[in-house]
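Thank you all for making time this morning. I would like to walk you through one model, and I will ask you to keep the sequence and the coordinates in view while I talk.

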Amino acid sequence: MSYIAFKHLHTTLATLTLLVFLLRGAWAMMGSAMLDKKWAKITPHVIYTLLLISAFGVAWLGWGYPQVMHGWITAKLIGLVAFIAAGVMAFRPSGGKRLRLDMFALALVIYGYLVAVALTKSAFIV
Ligand code: HEM
């Protein structure tokens, strides 16, 4: 697969990640039983896995990463882990409502950071 194909796949999966995250957030706020469906729990994992594969594809083909180190790509990897961790806490049924809302907001901020890093190619987004 070419660099351009991986990049299209990666941005599509990044968009899908946000849409699914917002949909789950809306379901959580409405107290919808949809959140408990098996496919609703599995889908985010599938999307994250594909997002990571596409990320490594574009990082390797476009930037020679990890043979050639790029701080901003490492920052994106760490950022994705932080995004997933905040998301897990945001949708944990046992968590307090305040904490879950805070984690939801934090995950969105991290998502924005990841897009900014991609556009600026800098971990410091300048
Ligand atoms: C939620 C997570 C992520 C989001 C929202 C995201 C978003 C984006 C976006 C919007 C672009 C396109 C930038 C452009 O058109 O110039 C991009 C490109 C890219 N992303 Fe991600 N990304 C995520 C995760 C990752 C991860 C974990 C990695 C680490 C391997 C990564 C590595 C890259 C690379 C190498 C590019 C190509 C940049 C280029 O060649 O222009 N991304 N990402």
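I125 sits in the segment after α4, and its phi is near 40°, a positive value in a residue that is not glycine. Please bear in mind that this is a predicted model, and that most residues other than glycine have a negative phi, just as most peptide bonds are trans.

K121 counts as exposed, because 12 other C-beta atoms lie within 10 Å.

Let me now turn to the overall architecture. The protein has four helices and zero strands, so that, reading from the N terminus, the order of elements is α-α-α-α. The C-alpha atoms fill a box of roughly 45 × 30 × 20 Å along the principal axes, and the radius of gyration is 15 Å, which agrees with the value near 14 Å that a compact globule of 126 residues would have. Among contacts with a separation of 6 or more, 66% join residues 24 or more positions apart, while buried residues make up 17% of the 126 residues.

The helix at residues 3–30, α1, has 28 residues and spans 41 Å from its first C-alpha to its last, close to the 40 Å expected. Its buried residues are F6, H10, T17, F21, R24 and G25, and what covers them includes α2 (38–63), α3 (71–90) and α4 (97–120). After α1 comes G31, with a positive phi near 65°.

α4, for its part, has 24 residues and reaches 35 Å, close to the 34 Å expected. F104, A107, Y111 and L114 are buried in α4, and the buried residues of this helix pack against α1 and α3. An α-helix has 3.6 residues a turn, so residues three or four places apart point the same way.

Which residues form the largest nonpolar core? There are nine, namely F21, F83, A86, A90, F91, F104, A107, Y111 and L114. Both α3 and α4 supply at least two residues of this core, with α4 giving the most, four residues. If we leave aside neighbours within four places in sequence, F83 is in contact with A107, I110, Y111 and L114. A second, separate core of five residues includes F6, A55, A59 and I73.

Finally, I come to the ligand, which 21 residues surround, the closest being A14, A55, K76, L80 and A118. The elements that give two or more residues to this shell are α1, α2, α3 and α4, and the largest share, six residues, comes from α2. By class, the shell has 15 nonpolar, four polar and two charged residues.

How values were computed
Residues are numbered from 1 along each chain as its sequence is written. This is a predicted model: local features need pLDDT of at least 70, side-chain atom pairs count only at pLDDT 80 or more; totals for chains, interfaces and linings use all residues. The expected span of a helix is 1.5 Å times one less than its number of residues. A residue is buried if 20 or more other C-beta atoms lie within 10 Å of its own, exposed if 12 or fewer, and partly exposed in between; C-beta atoms are placed from the backbone. Two residues are in contact if their C-beta atoms, placed from the backbone, lie within 7 Å. A residue is near a molecule or strand if its C-beta atom, placed from the backbone, lies within 6 Å of it. Ala, Val, Leu, Ile, Met, Phe, Trp, Tyr, Cys and Pro count as nonpolar, Asp, Glu, Lys and Arg as charged, and the others, Gly among them, as polar. A nonpolar core is a set of buried Ala, Val, Leu, Ile, Met, Phe, Trp, Tyr and Cys residues joined through C-beta atoms within 7 Å. The radius of gyration is taken over C-alpha atoms; the globule rule is 2.2 Å times the number of residues to the power 0.38.
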